[in-house]
Amino acid sequence: MDIPRHAEPNQADDSQDVHDKPPAHRRLMHLFDRFAGAATRQAGSPAAFALAVAVVLVWAVTGPLFGFSETWQLVINTGTTIITFLMVFLIQQSQNKDSMAVHLKLNELLASHKQASNHLISIEDLDEDELRQLVMFYRHLAKLADEEGGVKCSHSLDEADEIHEDKSRALHERMERAKRHTGREPA
């Protein structure tokens, strides 16, 4: 099966070429990022939930004072709509940042593992048809694994031991090369 080539990154994406942006733009993005992170952390806190419950209780208690009027109802509807509208953007910013960090960590793991397929690095950039093609490929691998004994098959543990030994040997060799090159133990 041919594994698809990765799509080119979207040039309109703000995460691309950050250093090509003017310093004022970078500063503004940094401030927004910090604000979005702090706001979403606070919005998910027990104190924020307690405050929201308190606001709803105060609103409910004031209902008889205002005769449960349309204006009284409009106050809570408008307030919650505005807060929800603004929070969507803040939460999305935080989710985008977290998602990018997870993708980078996964890419690092794939790139550092000598038996992992580098074709899966930045897989999130593939289109839906290419992803479906990969799903079919991995379903086929899963079927083959099931035919060999599934998750109870012991060869995977043996392979894990071999991989660990290979990594240990490679680390030892890198340390030895660094020691010969610099004349001292690496940090």
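Contact here means that heavy atoms lie within 4.5 Å of one another. Helices (H or I, at least four residues) are DSSP runs numbered from the N terminus, as are strands (E, at least two). The model is a predicted one, in which local features need pLDDT of at least 70 and side-chain atom pairs count only at pLDDT 80 or more, while totals for chains, interfaces and linings use all residues. Residues are numbered from 1 along each chain as its sequence is written, and side-chain values use heavy atoms, with hydrogens and water left out.

With 21 residues, H1 reaches 30 Å from its first C-alpha to its last, close to the 30 Å expected at 1.5 Å a residue (1.5 Å times one less than the number of residues). Its buried residues are Asp33, Ala36, Gly37, Ala39 and Thr40; buried means under 20% relative accessible area, exposed over 50%, and partly exposed in between, with a 1.4 Å probe and protein chains only. Helix H3 is included in what covers these buried residues of H1.

How do the two helices meet? H1 (residues 23-43) packs against H3 (residues 70-112) at an angle of about 105°, and their axes are 9 Å apart. Axes are lines fitted to C-alpha atoms, for helices over the stretch in contact, and angles run from 0 to 180 degrees between N-to-C directions. H1 and H3 are therefore roughly perpendicular to each other, the word used for 65 to 115 degrees. On the H1 side, the meeting residues include Phe32, Phe35 and Ala43, and on the H3 side they include Met87, Leu90 and Lys97.

Further along, Asn107 also lies in H3 and is buried, with a relative accessible area of 12%. Leaving aside neighbours within four places in sequence, Asn107 is in contact with Leu120, Ile121, Ser122 and Glu124.

Ser122 sits in the loop between H3 and helix H4 (128-147), and has a positive phi of about 60° although it is not a glycine. Its relative accessible area is 22%, making Ser122 partly exposed. Phe68, likewise not a glycine, has a positive phi of about 50°. This residue is found in the loop between helix H2 (46-61) and H3, and Phe68 is partly exposed, with a relative accessible area of 46%.

Notes:
Parallel < 35°, antiparallel > 145°, perpendicular 65-115°, else oblique.
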